Amino acid sequence: MAIVILQLPDVKRTSQTRPKQCPYCQAETFQRWGKVGKPVRDNRLRRVQVYRYRCCSCRRTFRHYPSGVDRADQTLRLRKLAALMWVLGLSLRGTTSVLTAFGVKISHLTVWRDLQEQAELLDQRRRWQGVRVLGVDGAYPLAKGGKRPGLIAVDLGNGRPVSIGQVDEANPQAVRRFLEPLVQRLGVSVLVSDDLASFRSVADQLGVEQQVCQFHVRRWVGRTLGDLREKVPQDWLWVLEEVKALLADLPAAGSRRLYELWKRIPERRTGQSGERSPLEQLRNLLIRLSEHWASYRVFDWQADVPWTNNGTEQVIGRMKMRSRTVRGYKSWQGMWAGLLLSGSGVDW
Ligand SMILES: [Zn+2]
């Protein structure tokens, strides 16, 4: 687990420094030009002193705020505190009630804006940090009353959510629109996903390596093999066993071996009914696995690439838990703010 480091900004009653530069012309000499009291919303202060200055160069006047204060009503400390209460599990209205107990009255919509602001700040800071291995998976956290498909992207280097969007994971164009800016901005070099065709084609188009989650592969191949075991002629059962063993070991030469097996099975014309014979299905499985083999074992030669997409699934699990208990979580925007702020060890 990441360590939670919480530092609320300090708020000063009055400014202890002089301004360094004129905000208009960047000149460095000013005269004091009076002071004004500014009422603030804060957990400790009700009012601060703001000095006004006049620039000796351009002669315009401006306010120099004490630290922790800006043009807004709420201090920086209160904005962060409100967002933090929400992250710790209070609803928007719950947060306003707790703040009322401190003598601070703000509306739940203000808490909502504070949340968005903190998420935005964190998002901007993260944009400067690259992501080498990006996990991506479909999520349906807002599924109640109609499917609203979503996609979530996670930095698998540190388990932090990177983005969430309302995207149909089966639609390659939509997946590309979602992933391309992330890949470019963050310098992603490996994508970890399940083996949906859309992820495969987008990884290809964007020129990144793809590691296919081996839990997913084992699950669907296991089902297919179980199904074929009942149907293929007895003298081909050994092939099924070999496929299973290959997937368990994931040897480098697996692709070639699967291709050899594919060639061994006689090709048969599809029957008149149009239905593929069990042996034909086995051939298809062999060639598909052979062709995709490289994407099953990127973890073997690329450092820090996991062999499953478990890291992404954990983030989705946390998100689902949160959406059951918190009211303000019913929109993509709310979910994104929540994910960003609570999906990590808090260092904001
Ligand atoms: Zn000036």
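Which residues of helix 5 (residues 197-206) are buried? They are Ser198, Phe199, Arg200, Val202, Ala203 and Leu206. Buried means under 20% relative accessible area, exposed over 50%, and partly exposed in between, with a 1.4 Å probe and protein chains only. Helices (H or I, at least four residues) and strands (E, at least two) are DSSP runs, numbered from the N terminus.

This is a predicted model, in which local features need pLDDT of at least 70, side-chain atom pairs count only at pLDDT 80 or more, and totals for chains, interfaces and linings use all residues. Residues are numbered from 1 along each chain as its sequence is written, and side-chain values use heavy atoms, with hydrogens and water left out.

Contact means heavy atoms within 4.5 Å. Just after helix 5, glycine 207 has a positive phi of about 70°.

Five strands form an open sheet in the order 6-5-4-7-8, with mixed pairing. Strand 6 (160-165) and strand 8 are the edge strands, each pairing on one side only. From one strand to the next, the twist averages 25°. Two strands pair if DSSP finds at least two bridges between them. Strand 5 and strand 6 run antiparallel and are joined by five bridges. Across from arginine 160 in strand 6 stands aspartate 155. Helix 4 lies across strand 4, strand 5, strand 6 and strand 7, and runs at about 145° to strand 6. Axes here are lines fitted to C-alpha atoms, for helices over the stretch in contact, and angles run from 0 to 180 degrees between N-to-C directions.

**The zinc site and its hairpin**

Cys22, Cys25, Cys55 and Cys58 coordinate the zinc ion through their SG atoms, at 2.3 to 2.4 Å. Donors are N, O and S atoms within 2.8 Å of the metal (3.2 Å for Na, K and Ca); water is not among the atoms, so sites may look incomplete. The arrangement is tetrahedral because the four donor atoms subtend angles of 102 to 116°. Four donors count as tetrahedral if all angles lie between 85 and 135 degrees. Along the chain, the donors follow the spacing C-x2-C-x29-C-x2-C. Cysteine 25, in the segment before strand 1 (30-39), and cysteine 55, in strand 2 (residues 47-55), lie 30 residues apart and link distant parts of the chain.

Strand 2 pairs with strand 3 in the antiparallel sense over four bridges. Tyrosine 51 stands opposite histidine 64 in strand 3. Strand 3 (residues 61-64) has Phe62 and His64 on its covered face, and Thr61 and Arg63 on the uncovered one. In a regular strand the side chains alternate between the two faces of the sheet. The hairpin of strand 2 and strand 3 has five residues between the strands, and arginine 59 in this hairpin takes a positive phi near 70°.

**Single residues**

| Residue | Relative accessibility | Class |
|---|---|---|
| Cysteine 25 | 29% | partly exposed |
| Cysteine 55 | 0% | buried |
| Leucine 250 | 7% | buried |
| Aspartate 304 | 62% | exposed |

Leucine 250 sits in the loop between helix 7 (237-249) and helix 8 (254-264). Its phi is positive, near 50°, in a residue other than glycine. Aspartate 304 is in the loop between helix 9 and helix 10 (310-325). Aspartate 304 is not a glycine either, yet has a positive phi of about 65°.

Technical notes: Tetrahedral: all angles 85-135°; square planar, octahedral: opposite > 155°, others 65-115°.
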